[in-house]
Amino acid sequence: MLKMVDHMPTPAAFKLDLPCRPRRLRRSATVRALVEETVLRPEDFIAPLFVVEGKPAPEEIASMPGQFRLSIADLVKECRALRKLGVKAVALFPKLDAKLKNAEGTEELNDDGLILRAVKAVKKALPELVVITDVALDPYTTHGHDGVLNAAGTDVENDRTVARLAAMAVRQARAGVDFVAPSDMMDGRVGAIRSALDAAGFTETGIIAYSVKFNSAYYGPFRDAVGSAQAAGTKSLSKATYQLNPANRREALAEAVLDAAEGADVLMVKPAGAYLDIIRDVRERSDKPLAAYQVSGEYSQIHAAARLGWLDLARTRHESLIAIKRAGADLILTYFAKDEAKALAH
Ligand code: PBG
């Protein structure tokens, strides 16, 4: 090896004797493409969509540029557009009128409720599109929590909530969803939902379990979108008693193992970008398909920085998704699904 001396001019013919020159694999776009390890496909994406009652024009969510609350008719149109771009799955979330909410979330019991009608409309128009619904009570409760509260109103009551969620999953299965996705983090809910689905004859309805869901600040814009922000995150009643502490890796893995044992078909880590280590850990410990949810705050912060001219939107979007896939996710729930699918088509 030659020794470099300060201030010595480098001769024009100066050559290192290097057997390994990693830059050989980066010399041209074609060579780079040949050795590319991680590839995104539109089929990797699940697009989360928000649905509202009635026939309003699409209403943009202030903290989520490019995301809208859609009437059922517009939701069907959006699903068609996604389908054309190669996106094969959607996750639907209802945004309810405030007057339909109460502490017990009883509107969820309505067999003709908004989300069930939305599911039926989408499945009727696009039978092959994979439709996923959230199993949690937060869109229905005045306090914004994912379940019902104990008598003192101090915490979400686990077992009574699980009973509600199991019944909720059966209602969604009856409406025709392909997968139910419990996002509530109650103990024992995956097993209870599996038993309830099977008992009702829905052995083919799958469960995508939000197995590793952290108590994250990145859910802020979503809570604006569905109007569940009221109590969640307030001092009196945060979601910390059911969602995971972001500091805990071992506890996260224990949750994933439990959900797999209880019958989850797909495991999920959420959020994604700040938890790539957890995605990798779960990938290595379980042979189940793994989903990761790039949540609202991850989407919004990229948009915000792009609006300020600080980040390039398309490149940052792509890089954020590549990172999640590289970490080990098979499926990615992302609000970028449509835009990235469009970009991949070019
Ligand atoms: C609630 C639910 C949340 C998200 C999906 N389902 C928010 C929460 O736990 O308060 C967040 C999704 C996102 O931020 O994009 N069951």
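Biologist: Which of the 18 residues around the ligand come nearest?
Modeller: Ser183, Arg223, Lys239, Lys270 and Tyr335 come nearest among the 18 residues around the ligand, where a residue counts as near if one of its heavy atoms lies within 4 Å. This is a predicted model, in which local features need pLDDT of at least 70 and side-chain atom pairs count only at pLDDT 80 or more, while totals for chains, interfaces and linings use all residues. Residues are numbered from 1 along each chain as its sequence is written, and side-chain values use heavy atoms, with hydrogens and water left out.

Biologist: How far is a polar side-chain atom of Ser296 from an oxygen atom of the ligand?
Modeller: The distance is 2.7 Å for Ser296. On the nitrogen side, a polar side-chain atom of Asp134 lies 3.1 Å from a ligand nitrogen atom, and an N or O atom in the side chain of Asp138 is 3.0 Å from a nitrogen atom of the ligand. A polar contact here is a pair of N or O atoms within 3.5 Å.

Biologist: And how much of the ligand does the protein bury?
Modeller: The protein buries 100% of the 400 Å² that the ligand exposes when taken alone. Accessible areas come from the Shrake-Rupley method with a 1.4 Å probe.

Biologist: Let us turn to strand β8. Why is it described as largely enclosed?
Modeller: Strand β8 (residues 266–270) is largely enclosed by the rest of the structure because five of its five residues are buried. Buried means under 20% relative accessible area, with a 1.4 Å probe and protein chains only. Strands are DSSP runs of E with at least two residues, helices are runs of H or I with at least four, and both are numbered from the N terminus.

Biologist: Which way do the residues of β8 point?
Modeller: Val266, Met268 and Lys270 point one way, and Leu267 and Val269 the other way.

Biologist: Which strands does β8 pair with?
Modeller: β8 pairs in the parallel sense with strand β7 (residues 206–213) over four bridges. Three bridges join β8 to strand β9 (residues 290–294), also in parallel. Two strands pair if DSSP finds at least two bridges between them. Leu267 is the bridge partner of Ala209 and stands opposite Leu290 in β9.

Biologist: Elsewhere, is Ala91 buried or exposed?
Modeller: Ala91 is buried, with a relative accessible area of 3%. Ala91 is found in strand β4 (residues 89–94).

Notes:
Buried < 20%, exposed > 50% of the residue type's maximum accessible area, 1.4 Å probe, protein only. Polar contact = N/O pair within 3.5 Å; in protein donor to acceptor, adjacent residues only side chain to side chain.
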